[in-house]
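The stops below move from single side-chain pairs to the whole fold.

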Amino acid sequence: MRGMGGLRGRRGRIVHKLALSPSCWGISEEKDWGHQIAADRVLSEAAAVGEGAITAGPPGFLPDRSDHARSLLRRLRVEVIGGQVHGILHHHETRGAELAHIDGHAHWLAAVGARTLVLSAIPERNPSGARASTLSKPEWAHLLHLVGSVEHVCARHKLKLAVQPRFGSTIQGPEEIERLLVGSEAGVCLDIAHLVLAGADPIEVVELAAGRIQHVHLNDVDGDIARRVRDGSLDYREAVSRGLYTAVGEGAADVKRVTEALRGAHYGGWYTLEQEARLASPEDRPLGRISRSLEFVLPLLA
């Protein structure tokens, strides 16, 4: 199954950059999220169905010590191309602690060979997935200032910064995305499904953020379930269990059009298959859905 769909062209030339996220295997830092598959198995399966490129996953998925993580990655022939960190960016009183947390994660990512830090601005440390409260003007000022500080952190560690508009975060819908783009120079992570969930049009975001997109999450959503999550009639965690994230190409996000828009915007960075899943038991097998997504995605990126 290695390299299904032809990740490499003739003479070994890589024709596009596609990584896999441990979230596709049900990996999450949230408590009681579901059955958590061992890292060795996730990495082995990622290497088998992809080209051995992954994102780092949540804290604790890979060893905290970077030398141990590098040893595991080498043994299983997998490379980390990026990783995500959550930060509370809108409170002035937590600025120092949050920046130290982000700096520590950036240091670890750089040590394991990552190139990009994906930053999600969260309202609290235990997000519920519900829509975040609207920020005040002073809170927006703190957020944008701290985003600038994170840019400096990433530059010091030779990482690219990609701020991710994400459902349930303080930057999610069209208005917040525009404020981010106008008020900062930070790069952006385009997460297709989370934009749809938040009521944003991914094509419009590609047009607005052209030249600033540093990373892309490829995913898809069930339109009916997404509407229920957006209007608050269905809890986010329960929605994921019910199949909120479909195999790519089987949902309502029109991923084909988005990838065409990205090609038109001359995007040349990494894509990550990032379809969150909750596994009810060890018998759950996420590889079927991952493989269907890859069969749809690979021709789009060739």
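Which side chain meets Arg237 in a salt bridge? Select Glu30: its side chain and that of Arg237 pair at 2.8 Å, N to O. A salt bridge here is a side-chain nitrogen of Lys or Arg within 4 Å of a carboxyl oxygen of Asp or Glu. The pair links distant parts of the chain, 207 residues apart. Arg237 sits in helix H9 (residues 236-241), while Glu30 sits in the loop between strand S1 (18-20) and helix H1 (39-49). Helices (H or I, at least four residues) and strands (E, at least two) are DSSP runs, numbered from the N terminus.

Before moving on, note the ground rules. This is a predicted model, where local features need pLDDT of at least 70, side-chain atom pairs count only at pLDDT 80 or more, and totals for chains, interfaces and linings use all residues. Residues are numbered from 1 along each chain as its sequence is written, and side-chain values use heavy atoms, with hydrogens and water left out.

**Stay in the S1-H1 loop**

Colour by accessibility. Buried means under 20% relative accessible area, exposed over 50%, and partly exposed in between (1.4 Å probe, protein chains only). Glu30 is partly exposed, at 29% relative accessibility. Now select Ser28, in the loop between S1 and H1. Ser28 is buried, at 19%. Its side chain reaches the backbone nitrogen of Glu30 at 3.1 Å. Show contacts next (heavy atoms within 4.5 Å). Setting aside residues up to four places away in sequence, Ser28 touches Trp33, Gln36 and Pro58.

**On to H1**

Select the helix and look for its buried side. Ala39, Val42, Leu43, Glu45, Ala46, Ala47 and Val49 are buried there. Their cover includes S1, strand S2 (53-55), helix H2 (66-75) and H11.

Jump to Glu250 and Arg292. Their closest N and O atoms are 2.8 Å apart, in a salt bridge. Glu250 lies in the loop between strand S9 (245-246) and helix H10 (255-264), and Arg292 in helix H11 (residues 287-301), so the pair ties together parts 42 residues apart in sequence. Glu250 is partly exposed at 46%, and Arg292 is partly exposed at 38%.

Then select Glu260 and Lys256. Their side chains meet in a salt bridge at 2.6 Å, N to O. Both lie in helix H10, 4 residues apart, about one turn of the helix. An α-helix has 3.6 residues a turn, so residues three or four places apart point the same way. Glu260 is partly exposed at 39%; Lys256 is partly exposed at 42%. How many salt bridges does the structure hold? The count is 12.

**A buried valine**

Select Val205, in helix H7 (residues 202-208). Val205 is buried, with a relative accessible area of 5%. Leaving aside neighbours within four places in sequence, Val205 contacts Ile177, Leu190, Leu195 and Ala200. Draw a distance to Glu178, 27 residues away along the chain: the C-alpha atoms are separated by 8.8 Å.

**Zoom out**

Switch to cartoon. The protein has 11 helices and 10 strands. Its C-alpha trace spans about 50 × 45 × 40 Å along the principal axes. Buried residues make up 55% of the 302 residues. Among contacts between residues at least 6 apart in sequence, 80% join residues at least 24 apart.

Key
A polar contact is a pair of N or O atoms within 3.5 Å; within protein, one must be able to donate a hydrogen and the other to accept it, and residues adjacent in sequence count only if both atoms are side-chain atoms.
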